[in-house]
Amino acid sequence: MESRVSDAVATEAERASGEDRTSGGAAPGLAGSSSLGAARWKLLRQVLKQKHLDDCLRHVSVRRFESFNLFSITDDVEREAAEEFGAWVQYTSVFYPEYSISLRHNSGSLNIEDVLTSFDNTGNVCIWPAEEVLAYYCLRHSDAFRDLAVCELGGGMTCLAGLMVAISADVKEVLLTDGNEKAIRSILIQIENSVLRWDNETDVSQLEGHFDMVMCADCLFLDQYRASLVDAIKRLLQPRGKAMVFAPRRGTTLNQFCNLAEKAGFSIQRHENYDEHISNFHSKFQKENQDIYDENLHYPLLLILTKSG
């Protein structure tokens with residue numbers, strides 16, 4: 001989301017510069033003001049181009065709430081990725097502590113050029129609450145994945161949910177995917193993974209009709225990719241296959257996704273109270289953490305999409 005703000009600033013800088021070049025016939029005062037404004041935008045653009053987004057991306061308002069505390073996180077001092085940025089950490093399920101996995105966090109800086117030129121970089125910033133909830137839900141309902149071919153879309157730098165399915169369920173196959181190459185490079189676990197962009201015909205067509213279950217978390221908010229996400233889910237699934245989608249409302253974005261899915265022929269089940277523990281956390285945060293917790297941004301709803309036969 002922050003990338004859209006940065007992109008808008010860069011676009012405005014270019015627009016301001018263009019206006020300055022066409023203002024030769026304006027009154028001297030206006031021309032001077034326009035020139036000064038263009039110079040400021042040019043300077044701001046240069047700063048944005050050079051600035052790393054540590055604070056900007058990690059401390060924007062939507063990240064004030066970071067976790068439902070479903071996994072304990074400890075440093076994994078025995079593992080290092082010396083050739084890459086990032087720190088190894090151990091994720092252990094709080095409710096199912098027998099399931100634990102080492103993951104690499106991207107602790108290095110995320111350059112503005114990466115944000116402006118790469119496919120959705122939000123998954124490189126952190127593990128978002130909806131991904132955490134999806135991972136927990138997969139552990140609790142691991143029997144539902146028995147003998148299925150499963151694909152996680154937009155899993156980010158860890159694909160935490162897909163990994164939990166892989167280590168807890170007797171699945172036929174798990175494919176971990178993200179549209180961003182940097183995110184996929186962070187997945188060093190020996191499970192099949194792939195760059196898969198929802199809007200890329202080649203990426204989708206080579207896996208068409210292959211999966212019994214597709215799942216994703218908090219992938220609905222980018223307007224330009226919402227329709228292609230629906231299309232990708234439909235094409236990746238076998239007839240009568242299901243998609244498990246966790247996402248907060250984020251204004252009207254979840255409803256827009258549901259409308260597109262219905263038009264594509266999916267039947268949809270929508271669940272707001274799908275788990276006792278999550279509901280209890282939600283109620284507690286609403287009462288005790290109103291300054292950082294926003295239901296609209298942070299509480300993921302569960303959507304079950306079923307493809308027609």
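**Cysteines, salt bridges and the core**

Reply: A search of the whole structure finds zero disulfides, a disulfide being a pair of cysteine sulfur atoms within 2.5 Å. This is a predicted model, in which local features need pLDDT of at least 70 and side-chain atom pairs count only at pLDDT 80 or more, while totals for chains, interfaces and linings use all residues. Residues are numbered from 1 along each chain as its sequence is written, and side-chain values use heavy atoms, with hydrogens and water left out.

Me: How far from Cys 151 is the nearest cysteine sulfur?

Reply: Cys 151 counts as buried at 0% relative accessibility, where buried means under 20% relative accessible area, exposed means over 50%, and partly exposed lies in between, with a 1.4 Å probe and protein chains only. Cys 151 takes part in no disulfide, and the nearest cysteine sulfur, which belongs to Cys 159, is away by 8.9 Å.

Me: What share of the residues of the protein counts as buried?

Reply: The secondary structure of the protein comes to 12 helices and 10 strands; these are DSSP runs numbered from the N terminus, with helices being H or I of at least four residues and strands being E of at least two. Of the 309 residues of the protein, the share that counts as buried is 48%.

Me: Which residues of helix α6 are buried?

Reply: Helix α6 spans residues 160-168 and is mostly covered, with seven of its nine residues buried. The buried residues in α6 are Leu 160, Ala 161, Gly 162, Leu 163, Met 164, Val 165 and Ser 168.

Me: How many salt bridges does a search of the whole structure find?

Reply: A salt bridge here is a side-chain nitrogen of Lys or Arg within 4 Å of a carboxyl oxygen of Asp or Glu. With that rule, the number of salt bridges found in the whole structure is 11.

Me: How many residues apart in sequence are the parts that Asp 218 and Arg 250 tie together?

Reply: Asp 218 forms a salt bridge with Arg 250, and their closest N and O atoms are 2.7 Å apart. Because Asp 218 lies in the loop between β7 (211-217) and α9 (223-236), and Arg 250 in the loop between β8 (237-247) and α10 (253-263), the pair ties together parts whose separation in sequence is 32 residues.

Me: Are Asp 218 and Arg 250 buried or exposed?

Reply: The salt bridge between these two residues has its closest N and O atoms 2.7 Å apart. As for their cover, both Asp 218 and Arg 250 are buried.

Me: Which residue is the salt-bridge partner of Glu 272?

Reply: Glu 272 is partly exposed, with a relative accessible area of 35%. The closest N and O atoms of its salt bridge are 2.9 Å apart, and the partner is Arg 249. The pair links distant parts of the chain, 23 residues apart, with Glu 272 in the loop between β9 (267-271) and α11 (276-288), and in the loop between β8 and α10, Arg 249.

Me: About how much of a helix separates Asp 231 and Arg 235?

Reply: Asp 231 forms a salt bridge with Arg 235, with the closest N and O atoms 3.7 Å apart. Asp 231 is partly exposed at a relative accessible area of 36%, whereas Arg 235 is buried at 17%. Because Asp 231 and Arg 235 are four residues apart in helix α9, they are separated by about one helical turn.

Me: How far apart in space are Leu 302 and Val 245, C-alpha to C-alpha?

Reply: Leu 302 has its place in strand β10, residues 301-306, and counts as buried at 1% relative accessibility. Leaving aside neighbours within four places in sequence, Leu 302 is in contact (heavy atoms within 4.5 Å) with several residues, including Tyr 137, Met 244 and Val 245. Leu 302 and Val 245 are 57 residues apart in sequence, and their C-alpha to C-alpha distance in space is 5.8 Å.

Me: Which residues touch the most other members of the largest nonpolar core?

Reply: A nonpolar core is a set of buried Ala, Val, Leu, Ile, Met, Phe, Trp, Tyr and Cys residues joined through side-chain atoms within 4.5 Å. Of the 76 residues in the largest such core, the two that touch the most other members are Leu 153 and Met 244.
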